[in-house]
Amino acid sequence: MKRILYFLLTLLILLSWSSCRKDFEFSPSTGSLTFSKDTIYLDTIFTNIGSSTYNLKVYNRSDEDISIPTVRLGQGQASNYRLNVDGIPGKEFENIELLAKDSLFIFVETTADIQNLSQISLEFLYTDVIEFDSGSNLQQVELVTLIKDAVFIYPDRDQTTGIVETLTFDSDGDGIADETELQGRFLENDELTFTNEKPYVIYGYAAVNAGDVLTIEAGARVHFHANSGLIVTGLGSLKVNGALSEDQVLLENEVIFEGDRLEPLFADIPGQWGTIWLFNNSEANEINYATIKNATVGILTEGNQNDNKLTINNSQIYNSSNFGILARASSVTAENIVINSSGQSSFAGTFGGRYNFTQCTIANYWSNSFRQLPSVLLNNFIVDENNMNVTNDLDEANFNNCIIFGNDNPEILLDELSTGGAAFNFKFTNCMIRFEDNGNNFVGDNYTLSNTDLYEDCVFNGNPDFKLPFENDLRIGDASAAIEEGSSAFLITNDILGMTRTTPPDIGAYQHTMFED
């Protein structure tokens, strides 16, 4: 009996309470909505590639529950924008309810084909509006997107199976073609020159075949999708012909390699794409005035240590999630290059090889995670699939007038395996090096810093006075310990910015300057 009375009493209270509430009595909106922004800039996208998702917050700051009669795109169903209002996708919505003192989210995306918008322009500023209500209560939020035309390079996909084309080539230098799992395709003859007329967007790996030369002209922009890159196979070659730019912000004459996400959020995120991969027996690769940023490995070069495999000058490599340059038994000649912010080493010369760096700044101010390796790593061995050490001669590794520095200590690792009998030849001449071994952890002849056969006229642990090293600005100021500490025997007349060097020269890729406050 008591249970029945309790139930009846509870029911009576609920009925009485609900009869007093005015919930779900929504008044029409009167044009008094407020917004988190009055214009949504969706940043720059490539034609036919979807944007990131942007959000707008809509506020009802009144004391009444309201219903917004319509929320729609100004161009209606013909708009290239897409909305999602409180979890519902579409382009036009009716009777959107919003409680007093509450808010709702609207998410916005776009995909557009520039050919449907302009037949003559390489860029098009595409706009629309989100309209709330109509007539005298109409409120609007503008939408703005810059759309760029581009040249797209991508592998074929089988329409029946959905399988994406993969590359077949001699990947190990034994003269036999190997089927790989690398998605991509070889460039056709009419694709072997990249110009500065349109950006290039590459899906998968664009490969240079034996006997072909990929030439990239000054001012070209090359963008890579995730897990994509360039491959130069045996007897192929890469020529990057950038030039000095007058505007060091626009870099109008440099060749820039980066990811295909153009939003500012992605400007400095490492690991957005794969690598520029110079396979064994590719030859005479040349890179001049290039910026390579946000890769997994900036450049991966393999084999041909007795040949002129890679010459790289006046170039910058930043924000590589693993290595800036990773060389395996290879050959690299570098002048006036800057490498910074690498998840492992900025330069790794592994499994021997032949390397010559002059007037370079090889730094590592990585700040995204713990870093296990120094700015510069040299070794003369690999561990094979049977867990056996295989050695190879490090014929030479010469660093002349170079800064080797970073936010860790020490910033060189000389990992010699002496039991295999392989050579381990290196020398640092007139270099500034961060190396402090307070715990005496680095012993042996390779770390005898007083040995002038290995370390000649070097400056250890001085202040490089970098401008903004964590922002990849490694210019040196007038307080730098590198000023006029270089050797004139290795003088390169102009620095990476085209400035005339003093005699004797400053160490590193930059002539010092006085920073403005």
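Trainee: How many Å apart are the mean positions of the positive and negative charges of the chain?

Mentor: This is a predicted model, where local features need pLDDT of at least 70, side-chain atom pairs count only at pLDDT 80 or more, and totals for chains, interfaces and linings use all residues. Residues are numbered from 1 along each chain as its sequence is written, and side-chain values use heavy atoms, without hydrogens and water. Lys and Arg count as positive, Asp and Glu as negative, with His and the chain ends not counted; each charge is placed at NZ of Lys, CZ of Arg, CG of Asp or CD of Glu. For the 28 positive and 73 negative charges, the mean positions lie apart by 11 Å.

Trainee: Which strand holds tyrosine 200?

Mentor: Look at residues 200-202. Tyrosine 200 belongs to the strand they form, strand 16.

Trainee: Why does tyrosine 200 count as buried?

Mentor: Buried means under 20% relative accessible area, exposed over 50%, partly exposed in between (1.4 Å probe, protein chains only). Tyrosine 200 counts as buried because its relative accessibility is 8%.

Trainee: Which residue's backbone nitrogen does the side chain of tyrosine 200 reach?

Mentor: Contact means heavy atoms within 4.5 Å. Tyrosine 200 touches several residues beyond four places away in sequence, including Val151, Phe194 and His223. At 3.0 Å, its side chain reaches the backbone nitrogen of threonine 195.

Terms used:
Helices (H or I, at least four residues) and strands (E, at least two) are DSSP runs, numbered from the N terminus. A polar contact is a pair of N or O atoms within 3.5 Å; within protein, one must be able to donate a hydrogen and the other to accept it, and residues adjacent in sequence count only if both atoms are side-chain atoms.
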